[in-house]
Amino acid sequence: MTVSTSTSSTSSDSPISSQDELDRLRQLVLGPDYEQALRTMLSQSDTERIAATISEAIIQRNLSDKSVAQALAPIIDDAIDNAIKYRPQRITRVIYPIIGPSIRKSVARALADMVQNLNQILESSLSLRAWGWRYQAWRAGMKYGEYVLLKTLDFRVEQVLLIHRETGILLHAENAAGFQTEDPELVSSMLTAVSDFVTDSFSRHPDTSLDNIRVGDFILEIETGPSAILAAAIRGTPSEKVSQVLRHTLERLHLVFSREFDRFNGDRAIFDSASHLMRPCLLTQHKEDFYIGTPWLALTAIALLLAYGGWESYQKVQNEISYRHILEYIRTTPGYVIVDESKELPHLRLEILRPPSSPPPNQRLAGLKTAPWQVNIVDHVAPLNMREYLLPLIPEMFHLGQGVEIELNDQTLAIKGLIKESQYREIEHSPMLQSVYSSVDLSAAQSYPEQSPKEQQLSQWYRLKAKIENIRFQFQPNTTNLVAGEEQKIPELVADLNTALSLAEEIPVYHWQLYIVGYANSAGSDNANIKISEARAKLISELLQANHMDASLLLAWGAGNLPDSRLPEHQQRMVSLQLIHSPIILGTEYP
Amino acid sequence: MIAKKVCLLGSFAVGKSSLIRRFVESIFSDKYHTTIGVKIDKKVVRSQDQDVQLMIWDIEGKDEFSTYRQSYLRGAAGYFLVVDGTRPDSVSVAKEWHDMVLQQGLKLPFILLVNKSDLFYDQRLNEDDLVELSSMGWEILLTSAKTGENVDYAFERLTTKLLENNE
């Protein structure tokens, strides 16, 4: 009541006091902050008020829908257009740090792919298969390089991993059928760590990243985007197509999951829907599939080859039979001696020596089938008695040595002296000699094996020498006592040495001696070893002398221990033997 | 299942690797520490009625901070600072690690683990230091990789903090 009276009185008396009362009332109802807020509002322009809240307003709106981005897009486009049109230097300066590494990365990748392809082409350009491919490429109307790439690429993308770049956490994995990795989540994190390590350690540009890791025939191809990494585990040699598919997939993943990548809080459920985008990355390419069936063409070719080979062999055998038949026919003709022969199908040339009483060769061959040979006979009619004419030719015909005597006793050919067994048999069965002489007397001829007696003696010398030099006498530790049973080797050695003495006189072998070398194991000092080894050698020498071996033939010497000996310790206590020539005189032959 | 990246930070030989060795799934050997400076292990922890997969980046404990080891912190949701209760100098290294995380603009949940609590009579840490850290809001747990004391709890506790931070 009081308030109403007072108000009415004030309003009629003065407008200023009425305003004061209104202010007082407003202060009572709205409080002291209202005045402050009102003053602030009145002091700011609309622009300032919007500027104070615009950031928060945009963020808040963007959380609910995309209308802010849609509204700003044309304005930003115009702004960029204007900037490029009027201030291109500024734009160039701003994007230079980004565009440089991008171009370099692109060029480096293209070069790496090119080198890889070129390497494959070079590797396969000189093989037999390469020539086949050239032909196939020509038939298909393709470039050879393209065809080689088509044939050589063989790979399988076994797993694709989508990894959050910031955290290294695996967002989604797609596996090829039948492929299992140990733990893709740990592998993904470790891969991120390795990539970070390589980038930080070896590159100064934060935008560069690891492109691939190769272990044997296994390649990890890595595509790195702003927010995610796509890694493909590939077995074999991937084509450029794999990289392209990975790049495109990563771009699409960024397009679809841009917001999810940025706001990733560990929840990976949303990325299950990336499956349909990632599955096309599981590419497989096999080398040319060869038809595995009955290779009729090859079998026919092989059969034809075999038939041809068989026919040729049959012809060859028939020709040989015919040739031998002709030769036998000529040889058994009484008085005919084949002096020379040569053949080159179909020509057969025979040089014949015959007595005047024998029929001419043409007459002899008239009734003989000689096909396929065309026989050309050079006929020599012996001007003298055939038996005497042939006599001086026999040593040369049968390669007889100088000590062999050949005589003609009436119509019998008598051969005396040493001849080899093979020569003996050849003379005994020679159709030529049988046809010319009534008989061949070899009763005074002595045959010997293929080696001459001197050659046999030398062989025996070498065998004996090897046998003697293989003998070892073993001794008990630290003594000159022979190991039990070793002494029994002495009688046989003495016998061999006596044989060697006889042989050396017959061959002859000059200035030879038995070199008896004693050894010790590594147990003692050098001096002690030399002494005991010498004593061992002397013991063997004395044993041989006791068995009537001439002392001048024996030479005993102690070698001590041989540090590089490969023999076990107990076998190093020994005496070995050697046949040596001492003194060696220049110009003398030593076997 | 939610996955989170956490880091184990601290001086050399404070027992970081031992802390996790018996409690995690691992396919990599410790040699990665000496090669690329980090080894990653995995552990599933249940917290707030859900399983959380922790990807644990055990970072090599050298006392100088190289570039690549700093980059291993990128994307971490939280971390353990590990100190050795018998070595007061390991606390200052842990503080340096913490400062480095802050310098990278990261404000992440973390827990300070005072390890080797089983060596009761060898404890050398200045109590005032721990009180000061505690007053700064640092959560501190005494752990023993040898006896397993508080190790599982530490992982559960950090996971809870990560989830709270997520909210």
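Modeller: Leaving aside residues up to four places away in sequence, B:Phe80 touches B:Val6, B:Leu8, B:Leu9, B:Phe110, B:Ile111, B:Leu113, B:Ala154 and B:Leu158. Keep in mind that this is a predicted model. B:Phe80 is also one of the residues with the most contacts inside the largest nonpolar core, along with A:Leu162, A:Ala232 and B:Leu81. That core has 81 residues. As a rule, nonpolar side chains in soluble globular proteins tend to be buried together. There's a second, separate core too, with 21 residues, among them A:Leu497, A:Ile516, A:Leu554 and A:Ala556.

Now for the place where the chains meet. Chain A and chain B each put 20 residues into the contact. On the chain B side, the elements that give two or more residues are strand E1 (2–10), strand E2 (38–47) and helix H3 (67–71). E1(B) gives the most, with four residues. Sorted by class, that side of chain B has 11 nonpolar, five polar and four charged residues.

You'll find B:Met55 in strand E3 (residues 50–59) of chain B. Is B:Met55 buried or exposed? B:Met55 counts as buried because it has 27 C-beta neighbours inside 10 Å, and the cut-off for buried is 20 or more. Again not counting residues up to four places away in sequence, B:Met55 touches A:Gly168, A:Ile169, A:Glu185 and A:Ser189 in chain A. Within chain B, B:Met55 touches B:Ala3, B:Lys4, B:Lys5, B:Ile40 and B:Lys42. Take B:Lys5: 50 residues separate it from B:Met55 in sequence, yet their C-alpha atoms are 4.8 Å apart in space.

How far can you trust chain A? Its mean pLDDT is 81, and 87% of its residues reach 70 or more.

Definitions and conventions. Residues are numbered from 1 along each chain as its sequence is written. Chains are lettered from A and ligands numbered from 1 in the order in which they are written. This is a predicted model: local features need pLDDT of at least 70, side-chain atom pairs count only at pLDDT 80 or more; totals for chains, interfaces and linings use all residues. Two residues are in contact if their C-beta atoms, placed from the backbone, lie within 7 Å. Ala, Val, Leu, Ile, Met, Phe, Trp, Tyr, Cys and Pro count as nonpolar, Asp, Glu, Lys and Arg as charged, and the others, Gly among them, as polar. pLDDT is the predictor's confidence in each residue, from 0 to 100. A residue is buried if 20 or more other C-beta atoms lie within 10 Å of its own, exposed if 12 or fewer, and partly exposed in between; C-beta atoms are placed from the backbone. A nonpolar core is a set of buried Ala, Val, Leu, Ile, Met, Phe, Trp, Tyr and Cys residues joined through C-beta atoms within 7 Å.
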